[in-house]
Amino acid sequence: MAELGIRTGDKVLLVWAQPSAPAALKQYAEELGAIVGAGCHVSVENMERLLLSSHSASTFDWVLSCLLADSSSIHSSETLAEMARVLKPGGKLVLDEAVTGAEAQSVKTAEKLLSALKLSGFMSVTEVSKAELSPEALSSLRTATGYQGNTLSRVRISASKPTFEVGSSSQIKLSFGKKPEKPALDPNAVKMWTLSANDMDDDDVDLVDSDALLDEDDLKKPDPACLKAPTCGEGATKKKACKNCTCGLAEELEESKGNQETNLPKSACGSCYLGDAFRCASCPYMGMPAFKPGEKIVLDKKTLTDA
């Protein structure tokens, strides 16, 4: 027990399970009492009665569970949570439990036991040693769990409770002071990346004349006919400009449309669209049906000639 690190004055909870021999349990408790000193610093509790005990929270420095050679029991999640409750912050837990090398419903594997301890709130969970089960412990375990496999072994696990209580809080100091000012720029670095007007006259700076980049062909005015796309307006009875036309066909069609509108006959009285009853004798629209103002009316050549 001395190798566990128990010191004088520590409070220890010794948890035992069947089939622990009374003589061995008494001797183990007396040895613990000799280490921690007088004053009833060692409490003995049965595994099945642990959840019904009246131990206060954060009472013990150590919890030793099922360390007797002839005892073996399965630690449930409720039991592990109770052990974490009665331990002081930073307290230690050392337990022995039978594990199996294969998956089983009633017996955990070593990996699942380590995971169960972590889920119960323990930290620094470590497997200390592994040994064979005693015949008494093996028989008791098979009777209690019904497990009949041959891959059982006994592992010793050590763990510790965090240095704070569950649900504890701590004030966080936040600083709302002014943000630190940006460091001043190095004048030499600023000068290195600055181009002044005086640097333009420096003989070491080679400037390119923009006029030298153009030749005689670039200065010639292009022919509008060569700007048209090769297929612009082809394959249709009526020319139609392409979308986003840049060859000038769109402007050409707009100009011809404007000329057609200006060549339409103009009304002298303004009543031509109402019909023949409102038209003059020389009206070019005579004999044509009424139309809406602004509507394009196509007159045949005979009507225009007669008028």
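This is a predicted model: local features need pLDDT of at least 70, side-chain atom pairs count only at pLDDT 80 or more; totals for chains, interfaces and linings use all residues.

Visitor: How many helices and strands does the chain have?

Guide: Helices (H or I, at least four residues) and strands (E, at least two) are DSSP runs, numbered from the N terminus. The chain has nine helices and six strands.

Visitor: How are burial and surface read, and what share of the residues is buried?

Guide: A residue is buried under 20% relative accessible area, exposed over 50%, and partly exposed in between (1.4 Å probe, protein chains only). Of the 307 residues in this chain, 30% are buried. Accessible areas come from the Shrake-Rupley method with a 1.4 Å probe; for residues, only the protein chains shown count as cover. For the chain the accessible surface is about 21600 Å², and carbon and sulfur atoms hold 54% of that.

Visitor: What share of the contacts joins residues 24 or more positions apart?

Guide: A contact means heavy atoms within 4.5 Å. Among contacts in the chain with a separation of 6 or more, 67% are between residues 24 or more positions apart.

Visitor: Which residues of the largest nonpolar core touch the most other members?

Guide: A nonpolar core is a set of buried Ala, Val, Leu, Ile, Met, Phe, Trp, Tyr and Cys residues joined through side-chain atoms within 4.5 Å. The largest one has 25 residues, and Val63, Met83, Leu93, Leu117 and Phe122 touch the most other members. At least two residues of this core come from each of β1 (12-16), β3 (60-65), α2 (77-86), β4 (87-100), α3 (110-119) and β6 (152-160). Beyond four places in sequence, Leu93 touches residues including Val63, Met83, Leu117, Phe122 and Ile157. A second, separate core holds 16 residues, among them Leu4, Ala29, Val36 and Leu64.

Visitor: Which residues of α3 are buried, and why do they line one face of the helix?

Guide: Ala110, Leu113, Ala116 and Leu117 are the buried residues of α3. They line one face because, seen down the helix axis, they fall within an arc of 120°, the arc being that of the directions from the axis to the C-beta atoms. Their cover includes α2, β4, β5 and β6. On the other side of α3, Glu111, Lys118 and Leu119 are exposed. Gly121 follows α3 and has a positive phi, near 110°.

Visitor: Which residues other than glycine have a positive phi?

Guide: Cys66 is one of them, with phi near 55°; it is placed in the loop between β3 and α2 and is buried at 1% relative accessibility. Ser124 also has a positive phi, of about 55°, and is placed in strand β5 (residues 123-131).

Visitor: How many disulfides does the structure hold?

Guide: A disulfide is a pair of cysteine sulfur atoms within 2.5 Å. The structure holds zero disulfides. Cys283 is buried, with a relative accessible area of 7%.

Visitor: Where is Ser53 found, and is Ser53 buried or exposed?

Guide: Ser53 is found in the loop between β2 (42-46) and β3, and is buried at 17% relative accessible area. A polar atom of the Ser53 side chain lies 2.6 Å from the backbone oxygen of Leu50. Leaving aside neighbours within four places in sequence, Ser53 is in contact with Glu45 and Glu82.

Terms used:
Residues are numbered from 1 along each chain as its sequence is written. Side-chain values use heavy atoms; hydrogens and water are left out. A polar contact is a pair of N or O atoms within 3.5 Å; within protein, one must be able to donate a hydrogen and the other to accept it, and residues adjacent in sequence count only if both atoms are side-chain atoms.
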